[in-house]
Amino acid sequence: MNRLFIIITLVSLISCKSEVKILVDDVDILADSIPEITEPDALDSIIVSDYDMSDVDRKDVKEFKENLVKIEKEYGEQWDFCLCVVKGDSINKAFMNPDISDDKFNKLSDRFDVIDEKCKAFRIQNPSITPAERAAHEKKVRTCLKEAGIK
């Protein structure tokens, strides 16, 4: 009787949910949400930035590229994900200094504007939709900072 229950449970689980899951830092992420390299398209010839599209969810790549073209037209070439993370972390830490002078604050504000302009494409990605996607995004951020020797 116990074996029959296990077999029925397994069959129902397999038939109801056949998506593959991958474990990333104790968080299950559906294989569907993992980006894959996409084939070049007409938009690629217009895009100026050397932006790594593998950081963009594959279901959003076309829309992201369309937005990237518009962003580049207005703000110029865009930095990649890790560079934006590292620069953002650095300027945030600088702003946290309680002894910052007005002159230094103004210089940091100008630098913040440059970083913001070069990271518009990074900011339009929406990595925080589900808890699993947020966790994967946070892991990517930690990896960028660690590779840069920051954390």
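The model is predicted, so I kept its limits in mind: local features need pLDDT of at least 70, side-chain atom pairs count only at pLDDT 80 or more, and totals for chains, interfaces and linings use all residues. Residues are numbered from 1 along each chain as its sequence is written, and side-chain values use heavy atoms, with hydrogens and water left out.

Ala132, Glu133, His137, Cys144 and Leu145 are buried, meaning under 20% relative accessible area with a 1.4 Å probe, protein chains only.

I then turned to α3. Its buried residues are Phe81, Cys84, Val85, Val86, Gly88, Asp89 and Ile91. The cover over them includes α4, α5 (120-124) and α6 (131-147); contact means heavy atoms within 4.5 Å.

Last, I checked how α3 (residues 81-95) meets α4 (residues 102-118). They pack at an angle of about 160°, with axes 10 Å apart. Axes are lines fitted to C-alpha atoms over the stretch in contact, and angles run from 0 to 180 degrees between N-to-C directions. That makes α3 roughly antiparallel to α4 (over 145 degrees). From α3, the contact uses Cys84, Lys87, Ile91, Ala94 and Phe95. From α4, I noted Phe105, Leu108, Ser109, Arg111, Phe112, Ile115 and Lys118.

Notes: Helix = DSSP H or I, 4+ residues; strand = E, 2+ residues; numbered from the N terminus. Parallel < 35°, antiparallel > 145°, perpendicular 65-115°, else oblique. Buried < 20%, exposed > 50% of the residue type's maximum accessible area, 1.4 Å probe, protein only.
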